[in-house]
Amino acid sequence: MKQVNTVLGTISPQQLGGVLMHEHIFCSRFDRDFRVLDRRALARRGQILLQAAKEHGISTILDATPWDLHRDIPLMQEISRLSGVQIIACAGTYHFYRPEIDHFTAEAIAGKILDAFDHGFGDTGVRPGAIKCAVQDEITPYHEKLLRATAMAHRATGLPVITHSSQKTALAQQDILLGEGVRPEMLIIGHTGDYCDLPLQTKLLSRGTYLGMDRTFQPEQRAHVLAELCGMGYAGQLMLGHDRAVYMDFSNPKANASEVWNQQNDADTPQGRRLFLFLHDEILPKAQREGVSQQAIDEMLRENPRRYFAGLPLNAR
């Protein structure tokens, strides 16, 4: 039976439970000095936030942070132990340009992912449970190389793939990854709930991949798109998440790390501790009022992640 790598060891797909399929524990720009942060306070915030999610049926999160956004495996492990929520880490790269990548071939980049799969991230022993790749508004030769490296690593390891995309690049990203041999039932095209473009969304879905309904701004629009796609019979291909983080510093590039932390460290407030419950609080109730059934919600939160990590066909039960 196929196993799923978490930061605390392997589990079966049946042990995933309810899953938020695109979140982050620690996510930082490379030009930020975050060494001033109190790691015990970070771990405590993560514990509070994930325990709140667990109380509402979330057993697992997929941390979609690649190496070049300062993925922090030891912090993930600590928060997983404290909260009791399983955390799955990703190998792979983000879309920000990194000059050192110019010196690597796609094969060499894929080789780094294979090394993490075989031996773990650094000296942690933790192996990736998925591969992340990212494109924003343009697929340059640089980004195409990263996409092809992702596909090579997928073929060699059998790890599923999750992406960051935009309305401008989602279809081209899907074209490259499927053309390079990524299995459609093990591919999530991420952030496709960001826009209301049913012709594009249904075209992506027609190719047998999953779509990430995985952000929280414009909740009314997101609920409406979710309801439209579920009404068309696509609940079995939609993944849910927030793209939120215990610590993320993209939103205020002029602030230092301590200032960002002071703005975010609200987990001890009733509202703040529900950071990973916005789906439950806002989006899903609105979608239900538009006709999305509890059965469809359970399929999106539980069955779809199980099939994805197991590598099962979309119609498998």
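**Notes on the predicted model**

1. An open sheet is formed by 9 strands in the order E10-E9-E8-E7-E6-E5-E4-E3-E11, with parallel pairing, where strands are DSSP runs (E, at least two residues) and helices likewise (H or I, at least four), numbered from the N terminus, and where two strands pair if DSSP finds at least two bridges between them. Its edge strands, each pairing on one side only, are strand E10 (238-240) and strand E11 (245-248). From one strand to the next the twist averages 30°, with axes taken as lines fitted to C-alpha atoms, for helices over the stretch in contact, and angles running from 0 to 180 degrees between N-to-C directions.

2. On provenance, this is a predicted model, in which local features need pLDDT of at least 70 and side-chain atom pairs count only at pLDDT 80 or more, whereas totals for chains, interfaces and linings use all residues. Residues are numbered from 1 along each chain as its sequence is written, and side-chain values use heavy atoms, with hydrogens and water left out.

3. Within the sheet, strand E4 (residues 58-63) and strand E5 (residues 86-92) run parallel and are joined by 4 bridges; isoleucine 61 stands opposite isoleucine 87 in E5. Helix H2 (residues 73-83) lies across E3, E4, E5 and E11, and runs at about 165° to E5.

4. Leaving aside residues up to four places away in sequence, histidine 22 touches a set of residues including Lys132, His191, Asp214 and His242, contact meaning heavy atoms within 4.5 Å.

5. Glycine 122, in the loop between helix H3 (106-119) and strand E6 (130-134), is exposed, with a relative accessible area of 72%. The C-alpha atoms of glycine 122 and isoleucine 73 are separated by 9.3 Å, although the two residues are 49 apart along the chain.

6. The count comes to 1 cavity of 30 Å³ or more, a cavity being a set of points on a 1 Å grid over the protein atoms alone where a 1.4 Å probe fits but cannot get out, with lining residues having an atom within 4 Å of a point. The largest cavity has a volume of about 70 Å³, a volume being the space filled by probe spheres set on the points, which are joined across faces, edges and corners. Helix H7 (219-231) and helix H9 (278-289) each supply at least two residues of its lining.

Note on methods
On a 1 Å grid over the protein atoms alone, a cavity is a set of points where a 1.4 Å probe fits but cannot get out, and a pocket is an open set with protein on both sides within 12 Å along at least five of seven lines; lining residues have an atom within 4 Å of a point. Buried means under 20% relative accessible area, exposed over 50%, partly exposed in between (1.4 Å probe, protein chains only).
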